[in-house]
Amino acid sequence: MIYLSFSWISVAVALLGGVGLAFMRPHSLAGYCLCAGLAAISFLTSLQLILLGATEVGALQRKGLMILEALMVILFYGYAKFAFRENKLENLGTGFWATCLLAIGLLTYVVIAPTESLISASEPSRNNIVVLTKQGFAFYLLLMVFLVFALVQLERTMAALHQLQRYQVKKEIVGSGLLIMAFALYYSQSLLYYSININLIHLRSIVVIISVVLLVLSRVFGKENSHLALSRGIAYRSFVLFIIGGYLILLGLVGEGLKYFENINYKDVYYLIILISSLLIFPILLSENLRRK
């Protein structure tokens, strides 16, 4: 019951946070993406909570969820790409435009594709666990790719800002990074189970509340950051990409290995991996000396 309360609180916090930031943030593409992304989280979570209590979920509702998920992920990638950067269209590389085409293609596909091609009909969903087809697996894998590269963009932004500027935007970078990482972990279960466990939105909602509070505090107590600009040299070697890539490889190996063992609680093993990896990753990410080495 307490988890359900946190989930509904996160719906209100995300919506109010998005509206509040729309008035507090300087008008920029990154700001619009962030506010729209928070609104998408609010609508997505509220729809998921309603469907959790429903006795039967139709194909139209599932399709609406997946469209909201794709839109939300793309918006957060856009935020991470443009946050604190003075990007001009002529300076954006071919990779950016290829990403735009991929995002448009992903949205188009999830809109026109039959729901049955994404969610398995031969294996009915039980206990709010949605079984995916190969196309559905590919869809959530692409969502993870967008989220991972959004984290990479935030890492590059943080590394390229000067020390004083970095301190000014630290809360916002940490808040948005936590938010993106929470959804990346949520969708990573598809790699292990070929399914999505909607019950995990309760744990995700706690992170959403913390992240939105950090984002709002960054704007209320932080200095105006619209003038911040990245230094010319942006490191293209991503520490985040290395860590998350290793995490996903480990997750895949564990998933394959667990197939050969019986009487093992897959969910407990999955949470144990997240706990251990988090304990190892966060001290490294917070250590400037280790990052330099």
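A: Let's start where helix 2 meets helix 3: the two make a left-handed crossing (the near helix is turned anticlockwise from the far one by less than a right angle; clockwise would be right-handed). Before going on, keep in mind that this is a predicted model, where local features need pLDDT of at least 70 and side-chain atom pairs count only at pLDDT 80 or more, while totals for chains, interfaces and linings use all residues. Residues are numbered from 1 along each chain as its sequence is written, and side-chain values use heavy atoms, with hydrogens and water left out.

The axes of helix 2 and helix 3 come within 8 Å and cross at roughly 155° (axes are lines fitted to C-alpha atoms, for helices over the stretch in contact, with angles from 0 to 180 degrees between N-to-C directions). That makes the pair roughly antiparallel (over 145 degrees; under 35 is roughly parallel, 65 to 115 roughly perpendicular, the rest oblique). Sorted by class, their contact has 19 nonpolar, five polar and one charged residues (Ala, Val, Leu, Ile, Met, Phe, Trp, Tyr, Cys and Pro are nonpolar, Asp, Glu, Lys and Arg charged, and the others, Gly among them, polar).

Now zoom in on helix 2, which covers residues 29-52 (helices are DSSP runs of H or I with at least four residues, strands are E runs with at least two, both numbered from the N terminus). Ile-41 is found in helix 2 and is buried, at a relative accessible area of 1% (buried is under 20%, exposed over 50%, partly exposed in between, using a 1.4 Å probe and protein chains only). Leaving out residues up to four places away in sequence, Ile-41 touches Ala-14, Met-72, Phe-76, Leu-179, Phe-183 and Val-208 (contact means heavy atoms within 4.5 Å). Between Ile-41 and Val-73 there are 32 residues of sequence separation and 9.5 Å in space, C-alpha to C-alpha.

Also in helix 2 sits Thr-45, buried with a relative accessible area of 3%. Its side chain reaches back to the backbone oxygen of Ile-41 at 2.8 Å (a polar contact is a pair of N or O atoms within 3.5 Å; within protein, one must be able to donate a hydrogen and the other to accept it, and residues adjacent in sequence count only if both atoms are side-chain atoms). Beyond four places in sequence, Thr-45 touches Ser-7, Ser-10, Val-11, Arg-204 and Ser-205. Ser-205 turns up again with Ser-5: their C-alpha atoms are separated by 9.7 Å, although they are 200 residues apart along the chain. Ser-5 belongs to helix 1 (residues 2-24) and is partly exposed, with a relative accessible area of 36%.

Cross over to helix 3 (residues 59-82) and you find another partner, helix 5 (residues 134-160), packed at about 20° with the axes 8 Å apart. That makes helix 3 roughly parallel to helix 5. This crossing is left-handed too. Helix 3 contributes Met-66, Glu-69, Ala-70, Val-73, Phe-76, Tyr-77, Tyr-79, Ala-80 and Lys-81, and helix 5 answers with Phe-139, Tyr-140, Leu-143, Phe-146, Leu-147, Phe-149, Ala-150, Gln-153, Leu-154 and Thr-157. By class, that's 15 nonpolar, two polar and two charged residues. Phe-76, listed there, is also one of the residues Ile-41 touches.

Helix 5 meets helix 4 as well: their axes come within 12 Å and cross at roughly 145°, again left-handed. Here Thr-99, Leu-102, Ala-103, Leu-106, Tyr-109 and Val-110 of helix 4 meet Gln-135, Phe-139, Leu-142, Leu-143 and Phe-146 of helix 5. The classes come out at nine nonpolar, two polar and no charged.

At 9% relative accessibility Thr-115 counts as buried, and apart from neighbours within four places it contacts Ala-59, Arg-62 and Lys-63.

To step back, the protein has eleven helices and two strands, and 46% of its 293 residues count as buried. Among contacts with a separation of 6 or more, 78% join residues 24 or more positions apart.
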